[in-house]
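Q: Please take a close look at a single residue in this protein. Then set it in the whole chain.

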Amino acid sequence: MVEKLEPGKRIKANGFEFSLIGESLMPSALSYKRIYILSEGSGRYILGQKFGNALAPCVFVVEPSVLFGFMPEGNAYLYELAMGNKEGCEGEVIDLRPLEHGVRHPLVMKRFSELDEGGCFYIINDHDPLPLYFQMAMAFPKRVGWEYIEFGDEFWKIRIRRLS
């Protein structure tokens, strides 16, 4: 089988997914290993708690539960080989926007501590809640799944999953 790989298209085979990332890759921490190959161009990345610049050719090996994100600079080709696939889940939606800032993180941390393995919930926030991810990752090492579902200037929806 031969398929043309275009940005955003995913090719699935034998439990693997392969894709060409056509834009910025928002930071995510998932339950499976991922390998990213920067074949052309350059960009900025976050891997775990490390920020840096990358110039092709470059390979990132991302272990399960480790945060990775990439912002291309100009024309960059970043390929993803995922050794698993994104699974949706039914979960509660917690809208944090009407709540005072001082109660948001404790509420999410409490809700996460009550989750069973594999369980998830969603948060909606009025700004990028990435600092919350780092707080959760410190409190629950290698247990926090984090995935941007929707985002914009004033709306951020994140799926938070308890990893095994």
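A: Helices (H or I, at least four residues) and strands (E, at least two) are DSSP runs, numbered from the N terminus. Arg104 lies in helix H1, which covers residues 101-113. This is a predicted model: local features need pLDDT of at least 70, side-chain atom pairs count only at pLDDT 80 or more, and totals for chains, interfaces and linings use all residues. Residues are numbered from 1 along each chain as its sequence is written, and side-chain values use heavy atoms, with hydrogens and water left out.

Is Arg104 buried or exposed? Arg104 is buried, because its relative accessible area is 4%. Buried means under 20% relative accessible area, exposed over 50%, and partly exposed in between (1.4 Å probe, protein chains only).

Now the neighbours. Arg104 touches Leu96, Arg97, Leu99, Asn125, Asp126 and His127, leaving aside residues up to four places away in sequence. Contact here means heavy atoms within 4.5 Å. With Asn125, the side chain of Arg104 makes a polar contact, side chain to side chain, at 2.7 Å. A polar contact is a pair of N or O atoms within 3.5 Å; within protein, one must be able to donate a hydrogen and the other to accept it, and residues adjacent in sequence count only if both atoms are side-chain atoms.

Step back to the whole chain. The protein has 2 helices and 11 strands. Their order along the sequence is β-β-β-β-β-β-β-β-α-β-α-β-β. Of the 164 residues, 41% count as buried. The C-alpha trace spans about 50 × 35 × 25 Å along its principal axes.
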